Amino acid sequence: RLSHDFKSPLTNIKGFSKLGLDESKNKELQKYFQLIINSSQQIEVLIEKIKELNVIFNQTEEKYSDNVN
């Protein structure tokens, strides 16, 4: 759920930035749009890493709970 809350706005940001990059004739604006796209991709990678860590944490927590009971 949390990753969806982050990914939806991020998808919109990337989409509009790609549109701006494609439509803009201004080289400086294109540079900024590309920067936004690159940063969005970095955030997506971080979200995936957080999801992976969450899975590992939950598995570890379950194993610990099983050992305690």
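A search of the whole structure returned zero aromatic pairs, a pair being defined by ring centres of Phe, Tyr or Trp (its six-membered ring) within 6.5 Å, with planes under 30 degrees apart counted as stacked, over 60 as edge-to-face and the rest as tilted. The model is predicted, so that local features require pLDDT of at least 70 and side-chain atom pairs count only at pLDDT 80 or more, while totals for chains, interfaces and linings use all residues. Residues are numbered from 1 along each chain as its sequence is written, and side-chain values use heavy atoms, with hydrogens and water left out.

Tyr 32 is located in helix α2, which covers residues 27-68; helices (H or I, at least four residues) and strands (E, at least two) are DSSP runs numbered from the N terminus. Tyr 32 counts as partly exposed because its relative accessibility is 42%, where buried means under 20% relative accessible area, exposed over 50%, and partly exposed in between (1.4 Å probe, protein chains only). Together with Leu 29 and Leu 35, Tyr 32 forms a nonpolar surface patch with about 290 Å² of accessible area. Patches consist of residues with over 30% relative accessible area and no salt bridge, like charges being joined within 9 Å and nonpolar side chains (Val, Leu, Ile, Met, Phe, Trp, Tyr) within 5 Å.

Three salt bridges are present in the structure, each defined by a side-chain nitrogen of Lys or Arg within 4 Å of a carboxyl oxygen of Asp or Glu. In one of them, Glu 48 is paired with Lys 7, with the closest N and O atoms 2.6 Å apart. Glu 48 belongs to helix α2 and Lys 7 to helix α1 (residues 2-23), so this pair ties together parts 41 residues apart in sequence. Glu 48 also meets Lys 51 in a salt bridge of 3.6 Å, N to O; both residues lie in helix α2, three residues apart, about one turn of the helix.

Glu 44 is partly exposed, at a relative accessible area of 24%, whereas Lys 14 counts as buried at 13% relative accessibility.

Definitions and conventions:
Accessible areas come from the Shrake-Rupley method with a 1.4 Å probe; for residues, only the protein chains shown count as cover.
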